[in-house]
Amino acid sequence: MSADFRSTPVIALTTVGAWLLAVLWVLPLLYGFWTAFHPAEFAARFDLSAPWTLDNFRRVWDAAPFSRYFLNTFFLVSLILVCQFVICTMAAYAFVCFPFRGSEILFMLVLVQLMIMPEVLLVENYRTLSRIGLLDTTLGIALPYLASAFGIFLFRQTFKSIPKELEEAARLEGANALQILLRVFVPVAKPTYIAYGLVTVSYHWNNFLWPLVVTNSVETRPITVGLQVFATVEQGVDWSLVTAATLLSVTPLLVAFLLFQRQFVQSFMRAGIR
Amino acid sequence: MKASRNALYGGLLLLPAAVLLWTFTYQPILGTIVDSLFSTARGKRPAVFVGLDQYQRMIDDPVFWKAMGNNLVYALTTIPLSMALALMMALLVNSHLRGQAAVRMAYFTPTILPMVAVANIWLFFYAPDYGLVDRFLQIFGWGGQNLLGMPDTALGALIVITIWKEAGFFMIFYLAALQQISPTLLEAAGLEGASYWQTLRRVILPLLMPTTLFISINAVIGAFRLVDHVVVMTKGAPDNATTLLLFYIYQTGFGYWDTGYAAALTVVLLLILALIALFQFGYVDKKVHYR
Amino acid sequence: MYQWKKTLAGGALATLAMLALASGTALAKTQVTFFYPVQVGGPLTKVIDGYVAKFEAANPDIKVVPVYSGNYLDTTTKALTAAKSGTPPTVAVLLATDIFTLIDEDAVQPIDDFVKTADDKAWLAGFMPAYVASAKVDGHVWAVPFQRSTAVLYWNKKAFAEAGLDPKKYPKTWDEMVAYGKAVTKKDASGRVVRWGVGIPGNVGSAQWLFGALAAQNGVRLMNDAGNQTNLTNPKVVEALKFWVDLNKVHGIHPPGIQEWGTTPSDFLEERIAMIWTTTGNLTNLKANAKFDFGLAPYPGKVAPASVLGGGNLYIFKKAPTAEKEAAMKFIKFLTSDEILADWSINTGYVAPRDGAWNTAALKAYAVKVPEILVARDQIPVSVPEWSTHENARTGKVLNDALAAALTGTKTPQKALADAQAEIDRILKPYR
């Protein structure tokens, strides 16, 4: 669309602007790269002749069972992602397409969950998990997050902005409620699903306090618990280890983002044609 | 007939979410409201009913008011700035841009990086004299600033981090919404000879309204929820200059283990957010053009 | 064919029997859950796992489950959350200063409940008195010193030499510290300070700790042993804070505002500050990264040199089953044996809290290699317990706020401390 609306110098200018902003935004990550790959003495000094090293990564890797943590985290976020997609889609579909008396109020109640940090309910939720015997399990870490108000709200907003004609057309072809959801709503909302997926995966990949409190064993703990060993400041911050551990743990996220950001393309046309 | 069918379908679709939300959100919230009416149990001394004493205590608590004031400043700066930046970023990376993938990734990094690591990195950026920010300020002769260590600048330093984090986070939802705009609408505007700014104002922004509503409610909530960097970087220092409401709740709950007072603070925070959200929602949702 | 079946069946039976045996022994074992924080970089969870394996080999009837639980604050949160739900850990390493919180929550049991034999008593008597003192409340010993530290001064010998000072001489009095600080403070052509004389971290968490040392150097304690009286309006206390504030305001040798604990070691390494006040635990990091010669010194004094103790103790949780607690006691005795404490000290930089540990061959050999650790040990007799009262987190916060207000110039030291004392009096009233 840019070509339709803008002249060449404007495009060049916006490109430069976009890049400047990008550099500013990525500075913490760039600093992380610099520090993680150099000896600790260069943590506060930028010297192009500084020697490169993998030593920080080696020390980090040795300090915790990272491969096991990666596996646990992968299971945890997959479980959360799949369940959230299903549960939130169902709920949002209900709010958009099957309004009934009181459903507006119910929706308001759902929004309440957005406003409360799960940490505030830590002691209560720990007790609940303990009662149902799910302490120290992956399911137990995931359970309080499976119904996400954030997801329900986001999908509601997206579903609501899908033109009625698409829904009507599908109905005329004889599609039932489930088919309409799967053939019209979900495909058109694909960019939203991608966006939500990226955000929720990042969040749970990095979530710390709740998993730490409800787990005890290496078999269930996520990667942040391994990362945290280095993020302590009793003896001052050792930036080379903190950043090496961080890079180690977020590299899968960076790769996932690069792969999935391609999916942010027009979903509208393709969905409409079907 | 249709009403009862809707109620049945709607009810069934909502059931799993309802069960989970009840167990892990509403039930503990109700517990919190009850707790706020009791004194804090201490070991052998059980909790006793104290009515609204905990709320009374809040009125006389200078730290609570300081936290409210700080949070107001925090909200009024971070919300508009991060939302405006988010929209701008999304528009930029939605157009055909050289190195689009890299730029998108750059904007998204704040969401990917864990806050503990981020806070430690920013701690270095803000270090006086040799920190990145101070080196930049030295160019203009303003070096030697102890940004996190002075009451006038500490909150501002944290606000910058919040904007950095939130703008990249919201950008992704604007980007998704932009992708869902029907291209025919944009082409129609183009055929009518509308300029880019006219199209933006008359076509794109109205179509983004549902997302803007979503983002604005989340931005308000975020302005009260995002306190991880306070925990790692300043712990409210110096002299409560950076104490935000949720941080104060954490401190009261897990530092002082004063569950009664923490519960009362939680109820107040919840009420504030619910009122704002209700207003935003009730006012805007009716006006948003959905379809 | 039949034969094969029989072997299979036999194998299955044998496996079953082994499983039954294994689960049988598992049932007979007493399980001890051990929560511990890691506050020092490095593969310390593995070191702990190693100790546990060694202990289990010697005590086949006990199974220890070590659980790494984040930093101190996370560990306290995790332990108390679990305790409040009726499933406490058996034993945990928590801050020495958490003692009143843990007692008031009725979460922990005194150690002396488990000290029964003459051997037990001899073991308890072997700890350095300064460390045991901070674990004593109401005549009971509530915790066992484990990973303890103390605050020390590091000085940049190169900077001292540059300024014409004797690089081997560290400040022994406040006046000397100011004089040396003035000598090493360096400005560039534009008048901007490029090297400060001294840095004392004043962020939340370190301010109340190091201020305890400053007050002790001026001959006063900040609070009483019962943890229900504080002493902030004492003129000597006010004088100590005034000295800290004046380091910047009058003498111009301390960076303005709040000095951040987390960046203090890099301030030293970047030669931005020539003398820093921090913990013994920083030694390994500084040794590895400093490109100049530096020394570790005990703190100076006004009335007399003094420092402050820090670190974590082992606590036994009250609501754990009795058999578990007895087993935990065995584990604690093992962890605080001279050999393990010596090894832990070498691995972490903590100060082993038993004289016996310092007499082990391992630690003696290490002290030859790194003589600085002896400075830390020798300072312990003149070190005071850190800030610790009932409602400790709350009173600590009030003191921190007061110190920050004075250091950033929003209140005078006198006013800041008077306000804090009034607030703390209100908080501690129910405990008097």
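## Interface between chains A and B

In this predicted model, 88 residues of chain A are in contact with 78 residues of chain B, two residues being in contact if their C-beta atoms, placed from the backbone, lie within 7 Å. On the side of chain A that touches chain B, helix H2 (residues 8-36) of chain A provides the largest share, 12 residues. Helices (H or I, at least four residues) and strands (E, at least two) are DSSP runs, numbered from the N terminus.

By residue class, this side of chain A comprises 62 nonpolar, 21 polar and five charged residues. Ala, Val, Leu, Ile, Met, Phe, Trp, Tyr, Cys and Pro count as nonpolar, Asp, Glu, Lys and Arg as charged, and the others, Gly among them, as polar.

## Architecture of chain A

Chain A has 15 helices and zero strands, and its C-alpha trace spans about 70 × 65 × 30 Å along the principal axes. Of the 274 residues in chain A, 51% are buried, that is, with 20 or more other C-beta atoms, placed from the backbone, within 10 Å of their own. Among contacts in chain A between residues at least 6 apart in sequence, 76% join residues at least 24 apart.

## Domains of chain C

Chain C is assigned domain 1 (2-149 + 310-378) and domain 2 (150-308 + 385-431); such bounds come from an automatic or database domain assignment. Taken over C-alpha atoms, the domain centres are 33 Å apart. The contact takes 18 residues from domain 1 and 22 residues from domain 2.

## Conventions

Residues are numbered from 1 along each chain as its sequence is written, while chains are lettered from A and ligands numbered from 1 in the order in which they are written. Local features need pLDDT of at least 70 and side-chain atom pairs count only at pLDDT 80 or more, whereas totals for chains, interfaces and linings use all residues.

How values were computed: A residue is buried if 20 or more other C-beta atoms lie within 10 Å of its own, exposed if 12 or fewer, and partly exposed in between; C-beta atoms are placed from the backbone.
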